[in-house]
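Subject: Handing over the model

Dear colleague,

As promised, I am passing the structure on to you, and below it you will find my notes on what turned up when I went through it. Please read them with the coordinates open beside you.

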Amino acid sequence: MKTEHAPSIQRSDYTPLAWNVDGVDLHFALDPAATVVTSRLRCSRNTQIAPAPLRLLGEDLEVLGLTVDGVEAAPGLVTQGEGWLEIALEGRSAEVGIVTRINPQSNTSLSGLYVSRGGFFTQCEAEGFRRITWFPDRPDAMTRFTVTLEADAASCPVLLSNGNLIEQGPLAGGRHYARWEDPFPKPSYLFALVAAKLVALERRVTTASGREVLLQVWVEEGNLDRTEHAMDSLIHSMRWDEEVFGLELDLDRFMIVAVSDFNMGAMENKGLNIFNAKYVLAKPDTATDVDYEHIESVVAHEYFHNWTGNRVTCRDWFQLTLKEGLTVFRDQQFSADMLAVAAGDAGAASARAVKRIDDVRVLRAVQFAEDAGPMAHPIRPDSYQEINNFYTATVYEKGAEVIRMLHTLLGAEGFRNGMDLYFSYHDGQAVTCDDFVDCMAEANGHDLDQFMRWYSQAGTPHVKAAGAYDAASRSYTLMLSQHTPPTPGQTDKQPLLIPVAVGLIGPDGRDLPLRLEGENHAGVTTRVLELSEVEQSFRFLDVAVEPVPSVLRGFSAPVILDLAEDDARLAFRMAHDTDAFNRWDAAQRFAERVILVLTADAAAGRTLAVPADFVAAFRALLNDAALDPAFRAQAMTLPSEGYLIERMQPADPAPLRVALMHLMRALGTHLADDWLALCRTLEVTGPYRYHPTDAGRRALGNLALKYLAAAGVPEGLAWAQAQFARFGNMTEGVGALAALVQSASPAREAALGAFHARYRDDALVLDKWFALQAGAWRWDATAAPVLERVRALMVDPAFSLANPNKVYALLGSFFRANPAEFHAADGSGYAFWADQVIALDARNPQVAARMARSLENWQRFTPALQALIRVQLERVAGATGLSPDVTEIVEKALAD
Ligand code: TRP
Ligand code: ZN
């Protein structure tokens with residue numbers, strides 16, 4: 001292992017800029033191997049602080065010229081270090097000219113300017129702009145950009161950048177140019193350019209204030225028939241932000257561009273959002289309901305950033321959750337509203353719960369794991385080595401939960417008032433998380449000092465709840481206590497302000513009206529209790545009968561709830577909890593309990609038996625026709641393996657897999673007739689439409705197939721084969737294929753072959769094919785280990801380590817979604833992991849670091865597995881030329 005540690009950046013080291021850049025003119029002479037970037041920076045001194053040189057940041061740049069006020073910079077004026085350059089400017093203002101040469105074609109990191117399928121694209125967040133030209137590449141340096149692009153007209157007929165197109169025309173030698181001007185000052189991480197052969201779907205719409213704006217979705221020519229849904233999603237997002245937050249599009253033109261090679265989901269560059277093609281392209285034959293859903297929420301997320309992120313941005317990268325947590329919360333609310341509207345009044349509550357369940361599933365499986373491991377950090381971290389490693393589930397998803405708690409505590413109207421104040425104070429500024437919470441506090445006259453601890457304290461709090469009924473006084477006392485376990489570098493945790501939504505259910509299954517001691521407004525059936533101390537009691541009066549408590553309704557805080565409930569009580573809440581989220585949660589808790597007992601039995605070699613009361617409760621939910629299918633699909637889906645691993649001490653993936661297979665088979669067999677009846681009654685006829693009602697039916701139908709196929713029920717397998725043979729949309733196709741792949745049926749290989757033959761030229765659809773195989777369980781005990789299949793797929797012509805989507809589909813699915821195969825007892829999975837992380841790191845550190853993170857929680861596993869993992873972690877840590885990205889991950893994993 002390396003001995004020198006990467007330097008870490010501290011939040012407390014922030015210093016303001018010595019020089020502002022008031023305007024920048026950029027000229028790009030685009031060429032795949034040698035692009036020349038000419039930059040003119042108009043700088044003015046920040047007179048608020050002591051004089052200091054202009055500090056520019058750069059990486060992998062070849063400087064061809066450097067001038068100050070038009071004359072070549074004297075050597076004595078410039079000091080240079082690793083990744084930085086300082087120019088000792090004089091006076092109050094100066095113009096700095098810099099010419100650099102870069103090689104976009106050899107840029108495999110997909111950060112900065114790079115080439116994808118013959119076109120030029122940029123990705124600048126967080127620190128990619130410094131790979132394009134020397135610049136104060138930090139988010140508080142807000143500048144007005146004018147950009148001129150010059151490129152070959154035949155290969156790059158479309159030239160795009162931020163803002164408004166102000167000029168374009170032909171040039172000599174088959175080249176042409178376009179000039180763009182962005183009227184809004186912005187940090188360099190929001191800069192973007194695209195020069196490629198693309199076509200656009202266009203719409204003109206009118207904003208709330210009556211301005212006409214042009215919307216475009218740019219894609220490769222053959223994909224124009226897959227742009228409709230992204231465009232609809234954009235228009236819905238615009239309307240929603242106008243209605244809910246009074247926020248309007250501020251530009252005359254708004255563009256979305258799809259690109260095949262992209263490290264993450266999408267990027268909110270001002271007026272020119274660049275998307276991973278996976279989050280733009282959809283038609284019924286190639287995209288599933290879940291793809292449609294993701295596209296809608298990612299389009300919304302990037303659009304919402306225009307206000308929460310772009311108009312008001314972050315002072316420094318420690319404040320990342322200021323824009324990300326808030327924007328995730330906004331996109332979650334948007335999706336919930338869209339679902340509720342589509343479901344109509346009667347189905348709205350259930351539709352919202354389904355969305356909430358999806359979000360909480362991810363939070364529990366990914367963020368809770370992160371918070372319990374070596375990378376645990378507060379939503380606003382105090383230090384980092386590589387900022388790219390901090391685009392995490394904590395900053396995004398837990399950050400969104402923190403914003404949601406403010407919304408819960410202040411109410412929708414109070415929250416909106418806080419938002420209005422935030423924009424009135426900070427529009428056009430680069431600010432901090434404190435600035436945001438201060439606005440919420442001021443607008444509501446609410447003290448949020450204690451609440452701020454959510455920003456500084458890492459780790460998932462545990463909330464313990466216990467109730468006692470006193471028949472004599474007809475009162476019910478709920479005792480709540482909180483405890484946050486230590487995390488690396490943070491051992492003494494302070495109590496947090498935790499909103500705990502509570503209801504009391506009577507024996508008839510109906511909610512009791514609640515009256516809290518000391519208050520007289522009775523009548524509500526769900527109350528938000530504010531837990532602010534280590535331990536607190538809440539007494540409810542006029543409680544006629546002993547109730548069953550329903551705690552943390554709607555998942556009102558990102559905590560682990562510890563509430564002692566026996567099986568009968570969980571079954572009761574599964575049947576009766578009026579809070580749909582908690583009804584689902586009761587089913588999850590019951591399933592978790594059953595699975596962990598089965599796992600222990602499997603590990604000890606005992607016979608496995610599924611409790612009859614669990615099967616009965618499960619069957620009752622499955623057949624409750626009053627529940628909408630989407631909700632039932634959520635309730636019948638077992639907790640994820642990743643989540644269950646976090647709940648085991650120590651984690652042992654092999655017996656867990658045995659237990660899960662046993663349970664799936666038992667539920668498939670015992671409930672075979674019920675599942676088959678669902679298959680028959682849920683079929684959706686007519687042409688495909690993306691609609692929550694249809695999507696819910698398809699989800700439950702596909703889940704039924706999964707249980708039936710797992711159990712090897714012949715009619716179920718026949719149904720899956722028939723559905724696969726004649727599927728009319730990708731949701732049905734992939735649903736049937738997934739059921740066959742997750743079975744011992746001999747039809748599985750033929751189906752995989754047929755799917756490949758049909759979609760061999762469709763990269764996005766093939767990603768599903770790769771992912772299904774990498775995530776397959778071994779239902780047929782004689783089958784070869786999945787690692788062998790993964791190795792074989794790596795040499796498939798459709799696979800490439802250069803394309804992040806392919807890496808995530810094949811390697812990501814194997815490392816993350818297939819613990820039992822990845823953690824094979826012989827350590828073969830770990831050696832493979834190390835080989836791939838090292839190979840990826842040489843070309844794309846961001847992608848390599850994401851893959852590296854799949855072993856960070858290695859200390860949860862059995863000692864035998866840990867010993868094998870350690871060897872490979874050390875091998876990666878000792879590899880020569882390792883990036884700061886992967887170095888930080890493996891160093892933290894190995895630190896004690
Ligand atoms: N800010 C983007 C979002 O939340 C995500 C993002 C951050 C990103 N860094 C990136 C995207 C690097 C691609 C590459 O939507
Ligand atoms: Zn974002």
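In helix α25, the buried residues are Asp885, Val886, Thr887, Glu888, Ile889, Val890, Glu891, Ala893 and Leu894, and please keep in mind throughout that this is a predicted model. The helix, which runs over residues 884–894, is mostly covered, with nine of its eleven residues buried, and the elements that cover these buried residues include β23, α22 (828–843), α23 (845–852) and α24 (863–877). One of the residues in question, valine 890, lies in helix α25 and has a relative accessible area of 1%, so it is buried. If residues up to four places away in sequence are not counted, valine 890 touches Leu873, Val876, Ala877 and Leu882. Between valine 890 and serine 109, which are 781 residues apart in sequence, the C-alpha to C-alpha distance is 20 Å.

The C-alpha atoms of glycine 347 and aspartate 628 are separated by 7.6 Å, although the two residues are 281 residues apart along the chain.

Turning to charged pairs, the structure holds 66 salt bridges, and I describe a few of them here. Arginine 130 and aspartate 137 form a salt bridge in which the closest N and O atoms are 2.9 Å apart; arginine 130 is buried, with a relative accessible area of 11%, and aspartate 137 counts as buried at 2% relative accessibility.

A second salt bridge brings together the side chains of glutamate 228 and arginine 203, at 2.9 Å from N to O. Because glutamate 228 lies in helix α1 (residues 228–245) and arginine 203 in strand β17 (residues 199–206), this pair ties together parts that are 25 residues apart in sequence. Glutamate 228 is partly exposed, with a relative accessible area of 43%, and arginine 203 likewise counts as partly exposed, at 24% relative accessibility.

Arginine 380 is buried, with a relative accessible area of 6%, whereas aspartate 434 is partly exposed, with a relative accessible area of 32%. Elsewhere, Asp511, Arg553, Glu565, Arg573 and Asp577 are joined into one network by salt bridges that share partners.

Helix packing is the next topic. The axes of helix α12 (residues 653–670) and helix α13 (residues 672–682) come within 4 Å and cross at roughly 75°, and α12 and α13 are therefore roughly perpendicular to each other. In this contact, Leu667, Gly668, Thr669 and His670 of α12 meet Ala672, Asp674 and Trp675 of α13, and the residues divide into three nonpolar, three polar and one charged.

Finally, there is glutamate 821, whose place is in helix α21 (residues 819–822). Is this residue buried or exposed? Glutamate 821 has 8% relative accessibility, so it counts as buried. Leaving aside neighbours within four places in sequence, glutamate 821 is in contact with Arg657, Ala776, Arg778, Pro785, Val786 and Phe814.

With best regards

Technical notes
Residues are numbered from 1 along each chain as its sequence is written. Chains are lettered from A and ligands numbered from 1 in the order in which they are written. This is a predicted model: local features need pLDDT of at least 70, side-chain atom pairs count only at pLDDT 80 or more; totals for chains, interfaces and linings use all residues. Side-chain values use heavy atoms; hydrogens and water are left out. Axes are lines fitted to C-alpha atoms, for helices over the stretch in contact, and angles run from 0 to 180 degrees between N-to-C directions. Helices (H or I, at least four residues) and strands (E, at least two) are DSSP runs, numbered from the N terminus. Angles under 35 degrees count as roughly parallel, over 145 as roughly antiparallel, 65 to 115 as roughly perpendicular and the rest as oblique. Contact means heavy atoms within 4.5 Å. Ala, Val, Leu, Ile, Met, Phe, Trp, Tyr, Cys and Pro count as nonpolar, Asp, Glu, Lys and Arg as charged, and the others, Gly among them, as polar. Buried means under 20% relative accessible area, exposed over 50%, partly exposed in between (1.4 Å probe, protein chains only). A salt bridge is a side-chain nitrogen of Lys or Arg within 4 Å of a carboxyl oxygen of Asp or Glu.
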